[in-house]
Amino acid sequence: MRVELLGTGSADGWPNPFCSCPRCTWAREVGIVRRRTSVLVDGSLLIDPGPDIGSTGTDLSGVRTVLITHDHPDHLDPAFLLAWAWASGPALVVAGPGPALQRCRPWVGPAAPVRFVAVAPGDVLAAEGGLGVRVLPAAHSTTGGLRHDGTAVLYEVTGDARILYATDTAHLPHEDLAGPYDLVLLELTFGTRTDHGTAHLDLPGFGREVARLRMERRLAAGGRVVAVHLSHHNPTDLAERLAAMGALAPRDGTVLVLPQSDPAGPGLPSPTYPRPPRRLLITGGARSGKSHRAEALARNHDRVRYVATAPNRPDDAEWQLRIAAHRARRPPGWQVVETGDLAGVLAAATPGSLVLVDCLTLWLTGVVDAAEAWERPDLATASVDSAVADVVRALATSAADVILVTNEVGSGIVPASASGRLFRDLMGRANAALARACDDVELVVAGIPSAMKGRQWTTST
C-alpha cells in the first residue's frame, strides 16, 4: 500500500501565513510548510479533499473514491468536484457524513458520473483497487461537545496493509478499533497548549492515545504512528518529543510504503516507550464515596503522595474527627503533604509516582480565603481562575499520575447566601476547567463510579 501525505497541517496550516510567533518563524526559516491534512492511498483513494489538494502538484487522475471526514472547510473544499469535472474524469464515488455531502451536491451537474454515499459509523465500503473502508466514530461533534454524533467520522482502510485515519477527534474510539495497524495517522492539533477545551488532541493526549494503542496491541510489528493536523501550537522540537513516544511527523509530500519491512520501526510495541502519566478527576456529592474510590485506586501504586487540602481547625472537634478518619484509612507508606500549592506539588512529582489531591473544594475555599475575596466576586473569580490555570499547566507537564477529588455543588438548592452562591459558581468553573485538562472523569453516586469522560479506571490502571 502506498500512502502519500498531501498535507499534514491544521486549519491554518503551519506556519500560519498571518502569524509571526516563534514557532511560525522557525518553520519558515527551516523551510517546513504544512498544508491542510489530506492523504492519497494507492493513487486511487483520496481522504479529505481540502483547499490545498490542487497546490501539491500531485497527479490525482487515478482517484476513484473520495472520503470526507466532516464538513469543516479545511477538510472539504467542494471545488475539487469542479476541477474533476473540467478534467472529464471517470466515475467518482464521494463518501462522507450527510452534511458534508450536502455541500458537495451543488458542484456537480445532474448527469455527472458521481455517486454520493452517505456514511455513518459502522458502515463498510468497497473502494477501487481492492481497498476496503470501515467507518468509525469521531469525538468531534460539529454541533458542540465531544459526542460521537455521526457528523464527523474516522476511517480504517485495508488492502495490502491496514491504516487508521484519525482526524479530527478528541480521543480514539478504542472499543471500535480493529488493527493491528501498519499506519496510524493521528491528529496533534494543539501540541503544548492543553487549555484549548476543543475536540482535538494535544501532546499529552496524543501520547496517551499512542500508549493505549500499544497496550492494546493495535499496532503491527513495524507499524508507524504519524502526527497530522499540526499547528503552530506544537513546539519546534516536535520530532524529538514524538520520537520519545515512538511517533513521527514527516513533511508534506512524504510517501510511506506499507507494510513497513523494518521490524524495529518506530511504531513497534516496545517496553522502551513508557506509558504517559494519566489524570483522573473524581466528582460527586457529599458522602458519595469519592474519597474511598480515589484511595482504592491509589493503593495500587507503590509511591503515593497524598495532598490534603483541608485546614487543621484545632478548635473544631467534629472537624478533627473527620481528619482522623481520613488519616486512619491511608496506608502508612503514603507521603502526606498538607498544602494548597497544588501546582508546586504536581511540578515536583517524579515519574512512576501518583499524586492524590483530596479535595479541590477545600483548596478552592483556601484560595478565596487567601484573597480575602468573599465579599468581592470579581476578585474571587480572578484569584480562582488564576490558581486553576496554574494547576492546569502543571497537569500538562507533571511526570506523575494524578487523581483529583472534587465536589458537585450545583445540583441541590440555590444557596441562601451571596457567598454560598459565589462558591457554587466558582466551584463549577473550576471543575469544568480541570475536567477538560484530565484524561478521564468519573462521577460517584452512592459509592458507584461511572465514567463521564474517557474510560473508567481500575485498580490495574
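**View 1. Strand E8 and its antiparallel partners.** E8 and strand E9 (residues 153-158) pair in the antiparallel sense, with 6 bridges between them; two strands pair if DSSP finds at least two bridges. In this pairing, Arg134 sits opposite Glu156 in E9. Strand E7 (residues 124-127) also runs antiparallel to E8, and 4 bridges join the two. Here, Ala126 stands opposite Gly132 in E8. Strands (E, at least two residues) and helices (H or I, at least four) are DSSP runs, numbered from the N terminus. This is a predicted model: local features need pLDDT of at least 70, side-chain atom pairs count only at pLDDT 80 or more, and totals for chains, interfaces and linings use all residues. Residues are numbered from 1 along each chain as its sequence is written, and side-chain values use heavy atoms, with hydrogens and water left out.

**View 2. The hairpin turn, and how E8 is enclosed.** The hairpin of E7 and E8 has 3 residues between the strands, and Gly129 takes a positive phi near 80° there. How many residues of strand E8 (residues 131-137) are buried? It's 6 of the 7, so E8 is largely enclosed by the rest of the structure. Buried means under 20% relative accessible area, exposed over 50%, and partly exposed in between (1.4 Å probe, protein chains only).

**View 3. Thr169 in its loop.** Look for Thr169 in the loop between strand E10 (162-166) and strand E11 (181-187). Thr169 counts as buried because its relative accessibility is 0%. Leaving out residues up to four places away in sequence, Thr169 touches Ala138, Ala139, His140, Leu154, Glu187, Ala199, His200 and Leu201; contact means heavy atoms within 4.5 Å. A polar atom of the Thr169 side chain also lies 2.6 Å from the backbone oxygen of His171.

**View 4. The largest nonpolar core.** A nonpolar core is a set of buried Ala, Val, Leu, Ile, Met, Phe, Trp, Tyr and Cys residues joined through side-chain atoms within 4.5 Å. The largest one has 37 residues, and Val355, Leu360, Trp363, Leu364, Leu395 and Leu404 touch the most other members. Among the elements giving two or more residues to this core are helix H9 (360-371), helix H10 (377-397) and helix H11 (418-437). H11 gives the most, with 9 residues. Zoom in on Leu364: beyond its neighbours within four places in sequence, Leu364 is in contact with Val384, Phe423, Leu426, Met427 and Ala430.

**View 5. Helix H6.** In helix H6 (residues 290-298), 7 of the 9 residues are buried, so H6 is largely enclosed by the rest of the structure. Among the buried ones are Lys290, Arg293 and Glu295.

Technical notes: A polar contact is a pair of N or O atoms within 3.5 Å; within protein, one must be able to donate a hydrogen and the other to accept it, and residues adjacent in sequence count only if both atoms are side-chain atoms.
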